[in-house]
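Please consider the structure shown below, and follow the paragraphs after it from one local feature to the next.

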Amino acid sequence: MNAKEKKYALVTGAGQGLGKAFAYELAKRGINLIMVSLPGENLKELSREIARAWSIDTVCYETDLSVVNNVLELADRVNRAYEVFMLINNAGTGGSRKFQEASPAYINTIIQVNVTATSLLTHQLLPNLLLQPQSYILNVSSMAAFSPIGYKTVYPASKTFVHSFSRGLNAELRGTNVFVSVVNPGAMKTNPEITKRVEKQGKLGKISLLDPGKVAEKSINGLFRKDSVIMVNPFSWLALSLIPVWIKLPLMTRAVKREVCA
């Protein structure tokens with residue numbers, strides 16, 4: 001069976017963190033993978049490891065999705081060679097710092113990866129997805145999408161875009177074979193540095209920390225159930241939904257300020 005006769009799930013940001021957890025979760029379910037990550041994240045080794053462990057077909061591409069031409073080139077190569085029935089737009093970037101001290105490159109990268117790459121890759125792969133009997137798109141937003149946050153500024157705004165984009169596309173594609181969902185996780189224990197940084201935020205940060213493996217499992221389960229919005233941390237979601245912005249904005253800003261100024 002050649003590649004065009006197999007079905008694949010494409011996962012961006014698959015070299016580490018939640019993207020890696022998604023790759024493992026899909027592999028456990030016997031789903032062939034197209035794994036995308038930045039260069040230098042040992043993606044080839046991970047791809048081979050997953051292929052051996054679960055006897056699936058894995059393909060890997062190392063590219064920087066903050067560059068528009070790289071996104072278009074990736075989509076063109078995938079569309080030419082593979083049938084994609086699932087797209088997981090997981091790649092994202094952010095951080096915490098004073099806005100006035102952020103470099104133009106830092107701001108631009110957040111927008112390009114979180115907003116532009118998510119939109120363009122979805123747009124370019126949609127014809128491929130529409131050819132399959134049943135297809136899925138899962139976009140990874142964040143709990144940050146539900147409130148502006150000082151010292152993060154651009155990141156929550158970009159994740160608000162991802163959430164809104166996903167809900168709108170879900171409505172537009174209703175009645176087709178493509179189902180669109182969005183997951184809004186909080187901070188995750190992706191590596192010791194991030195865990196330590198979030199824990200500096202105090203109790204608020206510690207409460208919100210999630211395990212990537214559990215997030216991936218709940219997300220894929222929700223996607224196959226066709227939940228349009230997937231909440232993996234109901235406590236945080238409820239709190240952010242019920243608390244007025246004039247209360248949660250200063251609370252969250254003070255928490256992140258501890259991280260930046262500690």
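**Salt bridges, helices and buried positions**

Arg-29 and Glu-25 form a salt bridge, with 2.8 Å between the closest N and O atoms; the term denotes a side-chain nitrogen of Lys or Arg within 4 Å of a carboxyl oxygen of Asp or Glu. This is a predicted model, in which local features need pLDDT of at least 70 and side-chain atom pairs count only at pLDDT 80 or more, while totals for chains, interfaces and linings use all residues. Residues are numbered from 1 along each chain as its sequence is written, and side-chain values use heavy atoms, with hydrogens and water left out.

Of this pair, Arg-29 is partly exposed at a relative accessible area of 33%, whereas Glu-25 is buried at 10%. Here buried means under 20% relative accessible area, exposed over 50%, and partly exposed in between, computed with a 1.4 Å probe and protein chains only. The whole structure contains 5 salt bridges. Another of them joins Asp-76 to Arg-80, at 2.9 Å from N to O. Both residues belong to helix 3 (residues 68-81), and because they are 4 residues apart, about one helical turn separates them. Helices (H or I, at least four residues) and strands (E, at least two) are DSSP runs, numbered from the N terminus. Asp-76 is partly exposed at 37%, and Arg-80 is exposed at 64%. A salt bridge also links Asp-227 and Arg-225, at 2.7 Å from N to O; Asp-227 is partly exposed at 24%, and Arg-225 is exposed at 55%.

Leu-43, Leu-46, Ser-47, Ile-50 and Ala-51 are buried in helix 2. They lie on the same side of the helix because they cover an arc of only 135° around the axis, where the arc is that of the directions from the helix axis to the C-beta atoms. An α-helix has 3.6 residues a turn, so residues three or four places apart point the same way. The buried residues of helix 2 pack against helix 1 (17-28), strand 2 (32-37) and strand 3 (58-62), whereas Arg-52 and Ala-53, on the other side, are exposed. Just after helix 2, Ser-55 takes a positive phi of about 55°.

Tyr-151 has a positive phi of about 75° although it is not a glycine. Thr-153, found in the loop between strand 5 and helix 5, has a positive phi near 45° and is partly exposed at 36%. Most residues other than glycine have a negative phi.

Within helix 5 (residues 154-172) lies Ser-158, which is buried at 4%. Beyond residues up to four places away in sequence, Ser-158 touches Ile-110, Asn-114 and Val-115, contact meaning heavy atoms within 4.5 Å. Val-84, in strand 4 (residues 83-89), is buried at 0%. Leaving aside neighbours within four places in sequence, the contacts of Val-84 include Tyr-8, Leu-10, Ile-34 and Leu-129.
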